[in-house]
Amino acid sequence: MSEAKPKDVVGWTLPMAEARLGDLAWQREARPDEFRRAVFGEGAKRLWVTADGWQLAGGRLSARYARIQTALADVATLMVYPTASPDRLPVFACEWVMLGDRAHVLVLDVECLGNAADRLRERARSVLMPLHARYADALPLPDDLPPWFAEIREAWALFTSGDLTRLAVMQQAFEAYLQATAGNLYRPELAHAQAGDEHPAVTAYKQHHAAHSPGYALLAPKAGEVWTRAFLWEWHFGPLHPPA
């Protein structure tokens, strides 16, 4: 039986995030090793999962990362959540789904949660709409935007599919959005934001994503129902966990 090698296209995602947010005192969260690294299946059908979570800025933010690889697919998602102050700090969210030589889905958004986020949304609009104007023509929206995403997307969100040239543009947009979010939306507000219990708006946002994650369809056939549900609902989109 031939030994498969994992497809490697989007491995830059986490290192780029760590470089842009590295001064926010990342603390690795406590989680079982089986939800950090796991391998399922054999030979050409093998599937690799790499994942982790961190608290940032003394617990005022948290980050979750997951990467799913097979011989033909490379999927990465990175989420940075506010903890108790979604009125001051937005969610940074991205997901890349690469199948073969095509980008099946590329999603990038910075989302403002809850009923008290009007001021934050106006700040985000002034920071991110110029970037959206820079990249939107090269990353056109599909005609059939998924309803679950249409419900929550902000005006500056990027969502597209296509060949590897679109992935290259999205990588540039990812770095620009991340730099703008860190420099203009996170750092100026951290002194006023709170750590502590997770805000209900953040919990609801996570649960919405867990319910609609494409990770379920990728993982469950190989990893099984029990592991997949625990991974998505308790860890990747789950509640805040203490530092290790």
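This is a predicted model: local features need pLDDT of at least 70, side-chain atom pairs count only at pLDDT 80 or more; totals for chains, interfaces and linings use all residues.
1. A hairpin of three residues joins strand S4 to strand S5.

2. How many of the nine residues of strand S4 are buried? Nine of the nine are, and the strand is therefore largely enclosed by the rest of the structure. The cover extends to both faces: Leu61, Ala63, Tyr65, Arg67 and Gln69 are buried on one side, while Ser62, Arg64, Ala66 and Ile68 are buried on the other.

3. Turning to charged pairs, the structure holds 16 salt bridges. One of them is formed by glutamate 175 and arginine 20, whose closest N and O atoms are 2.7 Å apart. Because glutamate 175 lies in helix H4 (residues 164–186) and arginine 20 in helix H1 (residues 13–21), this pair ties together parts that are 155 residues apart in sequence. Glutamate 175 counts as partly exposed at 29% relative accessibility, and arginine 20 likewise counts as partly exposed, at 27%.

4. A salt bridge also connects arginine 28 with aspartate 52, the closest N and O atoms being 2.6 Å apart. Here too distant parts of the chain are linked, with arginine 28 in strand S1 (residues 27–28) and aspartate 52 in strand S3 (residues 47–56), 24 residues apart. Are the two partners buried or exposed? Arginine 28 is partly exposed, with a relative accessible area of 44%, whereas aspartate 52, at 8% relative accessibility, counts as buried because the limit for that class is under 20%.

5. The side chains of glutamate 154 and arginine 121 meet in a further salt bridge, at 3.0 Å from N to O. Glutamate 154 sits in the loop between helix H3 (147–152) and strand S8 (158–163), and arginine 121 belongs to helix H2 (residues 118–135), so that the pair links parts of the chain 33 residues apart. Glutamate 154 is buried, with a relative accessible area of 8%, while arginine 121 is partly exposed at 21%. Elsewhere, salt bridges that share partners join Arg28, Asp33, Arg36 and Asp52 into one network.

6. As to the chain as a whole, seven helices and eight strands are present, and the C-alpha trace spans about 55 × 40 × 30 Å along its principal axes. For 244 residues a compact globule would have a radius of gyration near 18 Å, and the 17 Å of this chain agrees with that value. Buried residues make up 53% of the 244 residues. Among contacts between residues at least 6 apart in sequence, 66% join residues at least 24 apart. The accessible surface comes to about 10,800 Å², of which 53% belongs to carbon and sulfur atoms.

Note on methods
Residues are numbered from 1 along each chain as its sequence is written. Side-chain values use heavy atoms; hydrogens and water are left out. A salt bridge is a side-chain nitrogen of Lys or Arg within 4 Å of a carboxyl oxygen of Asp or Glu. Helices (H or I, at least four residues) and strands (E, at least two) are DSSP runs, numbered from the N terminus. Buried means under 20% relative accessible area, exposed over 50%, partly exposed in between (1.4 Å probe, protein chains only). Two strands pair if DSSP finds at least two bridges between them. The radius of gyration is taken over C-alpha atoms; the globule rule is 2.2 Å times the number of residues to the power 0.38. Contact means heavy atoms within 4.5 Å. Accessible areas come from the Shrake-Rupley method with a 1.4 Å probe; for residues, only the protein chains shown count as cover.
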